[in-house]
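Subject: Structure handover and findings

Dear colleague,

Please find below the structure I am passing on to you. My notes on it follow directly after.

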Amino acid sequence: MSGDILMVIFPSRGVLTRALNRIANLDYVDIKRAAVVAKAASGETVILDDDLSPDQGGIAGGTLGAAMTMLGVAQLGALALPGVGAIIALGTAALIGGLLGRATGRFAANFLDFGFRPEQIDSLSERLQAGHPALLLELKNIDEVLPQLREDLKAFRCEMVEPLRTAVAG
């Protein structure tokens, strides 16, 4: 829900890095997800978040699939085959398991939502200036921690520390 998302705009990338270290060490802040959004000089929006791409899902799925099928075939007795039979059996198992795992990983990464919704990022990117990155934090208890978090972030000269719903509306 967008009501749980806090938007913090910083004057520079270095300040954002120092502030993120500070926020991570605060015991009263419970972060569910985070993303850094910046606007390049060309106007392009750059997003660093926890979203998993299909390629990343395919790599993870393929690696896991290959390893699991190789170990499964070895457990079924492939190592007892004479000559190069064991190598052929394990290689074939790794190939088939890797292909199936890659397809499964890509499918899962395409259909599972891991990151922020595009409309949340789009509404923020319109307000950003080049060189002023923003941090999006999805917090469990935003209404309770917002006053204290604003106080803790004063030292970092934040340009805005607001819930996304109020920042976009105003």
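Which residue takes a positive phi in the hairpin of S2 and S3? Gly43 does, with a phi near 100 degrees, and the hairpin has 5 residues between the strands.

Please note that this is a predicted model, in which local features need pLDDT of at least 70 and side-chain atom pairs count only at pLDDT 80 or more, while totals for chains, interfaces and linings use all residues. Residues are numbered from 1 along each chain as its sequence is written, and side-chain values use heavy atoms, with hydrogens and water left out.

Overall composition

The protein has 6 helices and 5 strands, where helices (H or I, at least four residues) and strands (E, at least two) are DSSP runs numbered from the N terminus. From the N terminus on, their order is β-α-β-β-α-α-α-β-α-β-α. Of the 170 residues, 36% count as buried (buried is under 20% relative accessible area, exposed over 50%, partly exposed in between, with a 1.4 Å probe and protein chains only). Among contacts (heavy atoms within 4.5 Å) between residues at least 6 apart in sequence, 78% join residues at least 24 apart. The accessible surface comes to about 10,000 Å², and 60% of this belongs to carbon and sulfur atoms; the areas come from the Shrake-Rupley method with a 1.4 Å probe, and for residues only the protein chains shown count as cover.

Strand S1

Strand S1 (residues 5-9) is largely enclosed by the rest of the structure, because 5 of its 5 residues are buried. Ile5, Met7 and Ile9 point one way from the strand, and Leu6 and Val8 point the other way. S1 runs antiparallel to strand S4 (residues 134-139), joined by 5 bridges, and Val8 has Leu135 as its bridge partner there. S1 also pairs with strand S5 (residues 160-163) in the antiparallel sense over 4 bridges (two strands pair if DSSP finds at least two bridges between them). In S5, Pro163 is the bridge partner of Leu6.

Strands S2 and S3

S2 and S3 pair in the antiparallel sense over 4 bridges, with Val37 standing opposite Ile47 in S3. Ala38 is found in S2 and counts as partly exposed because its relative accessibility is 24%. Leaving aside neighbours within four places in sequence, Ala38 is in contact with Glu44, Thr45, Val46, Leu128 and Pro133.

The largest pocket

The largest pocket has a volume of about 180 Å³. On a 1 Å grid over the protein atoms alone, a pocket is an open set of points where a 1.4 Å probe fits, with protein on both sides within 12 Å along at least five of seven lines, and lining residues have an atom within 4 Å of a point. Grid points are joined across faces, edges and corners, and the volume is the space filled by probe spheres set on the points. The lining consists of Arg13, Leu16, Val36, Ala38, Lys39, Val46, Leu48, Gly131, His132 and Pro133. Helix H1 (13-24), strand S2 (31-39) and strand S3 (45-48) are the elements that give two or more residues to this lining, and S2 gives the most, with 3 residues. The lining divides into 6 nonpolar, 2 polar and 2 charged residues (Ala, Val, Leu, Ile, Met, Phe, Trp, Tyr, Cys and Pro count as nonpolar, Asp, Glu, Lys and Arg as charged, and the others, Gly among them, as polar).

With kind regards
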